[in-house]
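Here is my notebook from an afternoon of looking things up in one protein model.

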Amino acid sequence: MATRRALHFVFKVGNRFQTVHFFRDVLGMQVLRHEEFEEGCKAACNGPYDGKWSKTMVGFGPEDDHFVAELTYNYGIGDYKLGNDFMGITLASSQAVSNARKLEWPLSKVAEGVFETEAPGGYKFYLQDRSLPQTDPVLKVTLAVTDFQKSLNYWSNLLGMKIYEQDEEKQRALLGYADNQLPDIEALMKRENQSILTPLVSLDTPGKATVQVVILADPAMAADKSDEWFATRNKPKASG
């Protein structure tokens, strides 16, 4: 069985150039690749939009062994309304703290040796003021949920993640990815009547191996409101 791991987190961005500046010059990530597309992704990678879009992959090292960020830009969409589910990404980098100060990027101390900053668009990042680790500096992605036990069951029992820490009183847990196969995960989700936003699909990636994708929805996170958004604006929504 092939090893599975968390690969990347997708950010929809309204200002591609300012966002790349933040990830590259403040956080210290590298631009790994950039791709342009003339129509919407069949796996809804760019959201429910059917027009021209691009994605820029940034990270502290190669995608093969680093957790990276995918910056998705839909032409003609200048901003997005943030929800309350994404709480931030934590990374260890004294260099990022130094870069933010040097560039006068807004930075606030939230704990001893930990600083909060924001990417364009309002996405929060927590910077630990310590040397870059030998492995990936990205430590964790923090998500808010409405039902702790329901989400814990979803991520651990259904998706197969390992629980490293759990605090029932504070209603939080730290999980990491485990080995699993996407077809098996998709089949399990179907048996459990879980929401599958995009069924298993293969995507060709220029210069890299073809990747398989299944897009799922945590039942204890906010529901997709994109249908309402398009209906109120009398705009067509891209199909999967």
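**Terms for the first helix.** I call a residue buried if its relative accessible area is under 20%, exposed if over 50%, and partly exposed in between (1.4 Å probe, protein chains only). Helices (H or I, at least four residues) and strands (E, at least two) are DSSP runs, numbered from the N terminus.

**What I am working with.** This is a predicted model, where local features need pLDDT of at least 70 and side-chain atom pairs count only at pLDDT 80 or more, while totals for chains, interfaces and linings use all residues. Residues are numbered from 1 along each chain as its sequence is written, and side-chain values use heavy atoms, with hydrogens and water left out.

**Helix α1.** Which residues of α1 are buried? I found R16, T19, V20, F22, F23 and V26. I reminded myself that an α-helix has 3.6 residues a turn, so residues three or four places apart point the same way. At the start of α1, I saw a side-chain oxygen of N15 within 3.3 Å of the backbone nitrogen of F17. After α1 comes G28, with a positive phi near 90°.

**Salt bridges.** I count a salt bridge when a side-chain nitrogen of Lys or Arg is within 4 Å of a carboxyl oxygen of Asp or Glu. How many does the structure hold? I noted seven.
- E36 and R16 form one of them, with their closest N and O atoms 3.1 Å apart. This pair links distant parts of the chain, 20 residues apart: E36 is in strand β2 (residues 30-37) and R16 in helix α1 (residues 16-26).
- D25 and R24 meet at 3.0 Å, N to O. D25 is partly exposed at 29%, and R24 is partly exposed at 41%.
- K109 and E112 meet at 3.5 Å, N to O, and both are exposed.
- R33, E35 and E63 are linked in a network of salt bridges.

**The open sheet.** I count two strands as paired if DSSP finds at least two bridges between them. In what order do the five strands of the open sheet lie? I read β6-β7-β8-β5-β9, with mixed pairing. The edge strands, β6 (108-111) and β9 (138-143), each pair on one side only. β6 pairs with strand β7 (residues 114-118) in the antiparallel sense over three bridges, and A111 stands opposite V114 in β7.

**A hairpin.** Strands β10 (residues 162-167) and β11 (residues 172-176) run antiparallel, joined by five bridges. Q166 has A173 of β11 opposite. Four residues lie between the strands of this hairpin, where Q171 takes a positive phi near 55°.

**Helix α3.** In this helix (residues 148-158), I listed F148, S151, L152, Y154, S156 and L158 as buried. D147 caps the N-terminal end, with a side-chain oxygen 3.4 Å from the backbone nitrogen of Q149. Just after α3, G160 takes a positive phi of about 80°.

Notes. Polar contact = N/O pair within 3.5 Å; in protein donor to acceptor, adjacent residues only side chain to side chain.
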